[in-house]
Amino acid sequence: MEKKCIKISNIKISPDKDTTFLEGIIRKELRLGKDAQIDYEIAKRSLDCRHKPQVMHIYSVEVYKVVRSGREEKLENIIKKSGCKNAVMSKRVIYKFPVNATENVNEDERPVVIGFGPAGIFCALELAKAGLRPVVYERGQDVDTRTKKVAQFWETGELDTECNVQFGEGGAGTFSDGKLNTQISDTFGRIRYVLQSFVKFGASEEILYANKPHIGTDVLAVVIKNIRQHITALGGEVNFGSCLKKIEIKDGKVCGVVIADKDGEYARKCSKVCLAIGHSSRDTFEYLHSENIDMEPKPFAVGVRIEHPQEMINYNAYADAAYELPAADYKVTYKTKNTDKERGVYSFCMCPGGYVVNASSENGRTCVNGMSYSGRDSRNANSAIIVTVGPDDFGHGVLDGIKFQRQLEANAYAEGNGKVPVQLFGDFEKNITTTELGEVEPCIKGEYTFANLRNVLPSYVTDSVVEGVHGFSRFIHDFDRKDAVLSGVESRTSSPVRIIRNDELVSTSVSGLYPCGEGAGYAGGITSAAVDGVKVAEYMAVTAACMG
């Protein structure tokens, strides 16, 4: 469905003005008097720092209705009379789920969703809204229990391998910055629909128009709990502490699943399974491979986290801007020239005012991630600095990428003796163990210790990181400062495998099995995974409607 509107772009407002200031500008641009009633939405807001220290917010707005003297006026006439050079006629695509609500679904025909990260959550939400009463199995725990277990791990080092930063309600994104920007294309309105859903369940409306929207791990935890409660209110079922052990297959079709929980194993009949397992479900990947499910290795990236003072990053972005501005972010990329071959080095999951977190999920292995609360108010900025690796580096076997990740994480565990290994960039460059900090004090969730990260990663990665960090300093002054803090290992940037599916999002091996989200190799963040969950739900619901 499409909704016609007038789109006005390039509206410049100083950051000390709030969004209520926009209506006066819209009236002026379209030559509307104070008596006109205007129905509009903010389409986008970005921050223009090209002329720092003077910075400006740049808005785009969409005007959907104008009423004067009790009569709705044609938008085409308004734009023509106004002569506004920044205004054009446009259309907003409104997403609509393709299946109407179904009633009286047979128990054996209830769709099953494995995993309750962004992909599984949104797949289950749409199936529940369609009346299909999905049954969800998540190996980790609900977000409240999970938060306590993760805090305990950070404080004591006692790891629950089934409930941690990787596993549990909300998936790995629950303990992240909650970034919602995505680079996927979308002509159906699914991205905005996902963002609207986040707002409906507790997120700020700003995510609908911010150029780089984020929720923050604290708010995201509330939002996903609210979504889960809505799913169950619609007849869905969410089971925590429940891990997939087997997919029952007969004549090339799904006919059930076997689930393990605290009471043992049990079977459930079903004909459709959304496999939204996340990028760290290594044992499930091994099981699928043993069942000859079509999979392939895929490139990913590995490296380290780097921390700088947030004030330094702010000054690079804003200089001495007069306004109070949000913690600045950055995105940097580089192509190496002095390593074994040209390699891409880039920042990933940048967390302004954030924390490095111990994100381990397996005993004897250490990995890290970045996390921010909604306020983004810690003293440091951190980002992964990662290097692209592919099958030529780690092997062409389906599970070789997992083996490679595990080896790096075992190296990190050994180097830090179970704690997060930390090293100053100057020492990393010299290949010597750090013995004391400089001005940058780490913001890390979990215990850390001084180490030499050169012992963790292969030389082609560490050499690329060094060259890349120096290269980034051309864009961010002092990015390569000697006392910038590195920690490792960043190894879970994306799934190391892809579970192959056809154009109807069904596994090419088994009818009724729908690989979904980041773990299956079809997404790269919270929003893209949620969108993929919506797409899978569409196909699952359509086939259910056809069968009905």
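1. Overall content. The protein contains 13 helices and 25 strands, where helices (H or I, at least four residues) and strands (E, at least two) are DSSP runs numbered from the N terminus. The radius of gyration is 25 Å, close to the 24 Å that the globule rule gives for 548 residues, so the protein is as compact as a globular protein of that length; the radius is taken over C-alpha atoms, and the rule is 2.2 Å times the number of residues to the power 0.38.

2. Basis of the values. This is a predicted model, in which local features need pLDDT of at least 70 and side-chain atom pairs count only at pLDDT 80 or more, while totals for chains, interfaces and linings use all residues. Residues are numbered from 1 along each chain as its sequence is written, and side-chain values use heavy atoms, with hydrogens and water left out.

3. Extent and burial. Along the principal axes, the C-alpha atoms fill a box of roughly 75 × 65 × 40 Å. Of the 548 residues, 57% count as buried (under 20% relative accessible area; exposed is over 50% and partly exposed in between, with a 1.4 Å probe and protein chains only). Among contacts (heavy atoms within 4.5 Å) with a separation of 6 or more, 72% involve residues 24 or more positions apart.

4. Nonpolar cores. A nonpolar core is a set of buried Ala, Val, Leu, Ile, Met, Phe, Trp, Tyr and Cys residues joined through side-chain atoms within 4.5 Å. The largest has 53 residues, of which Phe 122 and Phe 198 touch the most other members. The elements giving two or more residues to this core are α3 (118–129), α5 (190–200), α6 (217–233) and α13 (526–547), and α13 gives the most, with nine residues. Beyond four places in sequence, the residues touched by Phe 198 include Phe 122, Leu 180, Val 223 and Ile 526. Apart from this core lies another, of 41 residues, among them Ile 385, Phe 425, Ile 476 and Phe 479.

5. Helix α8. In this helix (residues 310–318), Gln 310, Met 312, Ile 313, Ala 317 and Tyr 318 are buried. These buried residues pack against β2 (37–51), β14 (300–309) and β19 (380–389). Just after the helix, Ala 319 takes a positive phi of about 55 degrees.

6. Helix α1 and strand β1. Leu 22, Ile 25, Ile 26 and Arg 27 are buried in α1 (residues 22–29), and their cover includes β1, β2 and β3 (54–68). Arg 31, which follows α1, has a positive phi near 55 degrees. Lys 12, in β1 (residues 2–13), is partly exposed at 46% relative accessible area. Leaving aside neighbours within four places in sequence, Lys 12 is in contact with Met 56, His 57 and Ile 58.

7. Backbone points to inspect. Most residues other than glycine have a negative phi, and most peptide bonds are trans. Lys 52 and Pro 53 are joined by a cis peptide bond with omega of about 10 degrees, and Pro 53 lies in the loop between β2 and β3. The bond from Gly 488 to Val 489 is also cis, with omega near 5 degrees; Val 489 belongs to β23 (residues 485–490).

8. Further positive phi values. Ser 69, with phi near 55 degrees, is in the loop between β3 and β4 (71–72) and counts as exposed at 74% relative accessibility. Cys 349 has a positive phi of about 50 degrees; this residue is in β16 (residues 344–351) and is buried, with a relative accessible area of 18%.
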